[in-house]
Amino acid sequence: MHELDEHTPYRHARYQFTPLPLIQRGLAYHEAGHVVLGQLVGFTCERVRIHTITRDGVTGWSGATTWARSFGTYLDVAVVCGAAGQAADLHQLAESGRLTPETASLTVADHDKQMTLSILNAEGVAVTETGPAPEGGLAWDHVMATAQQRVDREWDRITAVAEALLAAPDFTLTGTQAAQIAGITTA
């Protein structure tokens, strides 16, 4: 099980002038990207949520997708866990006309990438940042491009889950709810 709860909250100097509804919207699309792309390749989601979090005396917003089970290729793991959230957040910024170099920088999810690299390294999978992938490994630029293509293809499903997440009283959906909203049949 991999839980994405252990990362820095969205209350950092780079977010200080970002209105809370935009932070919540970005997080909802970020987490919806993870859950929709994950469920489509066979990952079993237990829960997806956005929430407040306090660390070191700082309270902010964060998001989390909790997986009960995940299978797939190394590329699937990298796309779902490491790149899908950022790709979905970028897409929603572009669609809403708010994509700029500054807003794009707010979507960078180093915590997702680092967790994914740790998973892949533990499996002996080498990852390069750019260029050709090493033998049996991955190139991160290919991972991001694949995530962007999958997000584009599944945009309606991602939007449905993100909007439902924002409308949920506690900003939380079960994996089953998210799958039903997205029209995904889970095993």
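Lys113 counts as buried, because its relative accessibility is 14%, under the 20% limit for that class. In this predicted model, Lys113 forms a salt bridge with Glu129, and their closest N and O atoms are 2.7 Å apart. The structure holds five salt bridges. Its largest nonpolar core has 47 residues.

- Glu129 counts as partly exposed, because its relative accessibility is 48%, between the limits of 20% and 50%.
- The pair links distant parts of the chain, 16 residues apart: Lys113 belongs to helix H4, and Glu129 to the loop between strand E3 (127-128) and strand E4 (138-139).

**Salt bridge Arg150–Asp76**

- Arg150 and Asp76 meet through their side chains in a salt bridge, with an N to O distance of 3.1 Å.
- This pair ties together parts that are 74 residues apart in sequence, because Arg150 lies in helix H5 and Asp76 in helix H2.
- Both Arg150 and Asp76 are buried.

**Salt-bridge network at Arg153, Glu154 and Arg157**

- Arg153 forms a salt bridge with Glu154, where the closest N and O atoms are 3.6 Å apart.
- Salt bridges with shared partners join Arg153, Glu154 and Arg157 into one network.
- Arg153 is exposed, because its relative accessible area is 59%, over the 50% limit.
- Glu154 is buried, because its relative accessible area is 14%, under the 20% limit.
- In general terms, side chains of opposite charge can pair when their charged atoms come close.

**Nonpolar core**

- Within the core of 47 residues, Val143, Ile158 and Val161 are those with the most contacts.
- Among the helices that each supply at least two residues of this core are H1 (20-40), H2 (74-95), H4 (110-122) and H5 (140-153).
- Helix H6 (155-167) and helix H7 (175-182) also each supply at least two core residues.
- Strand E1 (44-55) and strand E2 (58-69) likewise each supply at least two.
- Helix H2 gives the largest share of this core, 10 residues.

**Contacts of Val143**

- Leaving out residues up to four places away in sequence, Val143 touches Leu75, Ala78, Val79, Ala83 and Leu138.

Notes
Residues are numbered from 1 along each chain as its sequence is written. This is a predicted model: local features need pLDDT of at least 70, side-chain atom pairs count only at pLDDT 80 or more; totals for chains, interfaces and linings use all residues. Side-chain values use heavy atoms; hydrogens and water are left out. A nonpolar core is a set of buried Ala, Val, Leu, Ile, Met, Phe, Trp, Tyr and Cys residues joined through side-chain atoms within 4.5 Å. Buried means under 20% relative accessible area, exposed over 50%, partly exposed in between (1.4 Å probe, protein chains only). Helices (H or I, at least four residues) and strands (E, at least two) are DSSP runs, numbered from the N terminus. Contact means heavy atoms within 4.5 Å. A salt bridge is a side-chain nitrogen of Lys or Arg within 4 Å of a carboxyl oxygen of Asp or Glu.
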